[in-house]
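Have the sequence and the 3D view open as you read.

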Amino acid sequence: ILGGGIFVFLKNKNNQPSDQEKSKIILFYGEGCPHCENVDKFIEENKVEEKISFERKEVFYNKENSKELSEKAEKCGLSAASVGIPFLWDGSRCIIGDTDIINFFKQKISEAQ
């Protein structure tokens, strides 16, 4: 399922992330994914990478990144088989879908100013 119509905010209830993991924002995306392209366009137009530190990981062609996406989804109580992209891990929550990820970045930019 692609993330376009899916908007999920779930807190991690069972496994508490380490301090290093908490500070690491990861954006999982797929080459050619139109919803991922919406997020990418927002990031470029708003110079998000200059304001917020995060890592990008492609999942269609990189098995290690795909496996990591599944692990993050499981931490949020989500089935890896039902998770779509774009998918953002903020250190404790899973955020799925272009609209919610863009809103996440808008909030982070606002907090940083």
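## Cysteines and their surroundings

Cys36 is buried, at a relative accessible area of 7%; buried means under 20% relative accessible area, exposed over 50% and partly exposed in between, using a 1.4 Å probe and protein chains only. Keep in mind that this is a predicted model, where local features need pLDDT of at least 70, side-chain atom pairs count only at pLDDT 80 or more, and totals for chains, interfaces and linings use all residues. Residues are numbered from 1 along each chain as its sequence is written, and side-chain values use heavy atoms, with hydrogens and water left out.

Here are the buried cysteines discussed in this report:

| Cysteine | Relative accessible area |
|---|---|
| Cys33 | 2% |
| Cys36 | 7% |
| Cys76 | 6% |
| Cys94 | 0% |

Now for the bonding. A disulfide is a covalent bond between the sulfur atoms of two cysteines; here the test is a pair of cysteine sulfur atoms within 2.5 Å. Searching the whole structure turns up one disulfide, and that one links Cys76 with Cys94, S to S 2.1 Å. The pair ties together distant parts of the chain, 18 residues apart: Cys76 sits in the loop between helix 4 (63–75) and strand 4 (87–89), while Cys94 belongs to strand 5 (residues 93–96). Helices (H or I, at least four residues) and strands (E, at least two) are DSSP runs, numbered from the N terminus. The torsion about the S-S bond of Cys76 and Cys94 is about 95°, so this disulfide is right-handed.

What about those strands? Strand 4 and strand 5 run antiparallel, joined by three bridges; strands pair if DSSP finds at least two bridges between them. Leu88 has Ile95 in strand 5 as its bridge partner.
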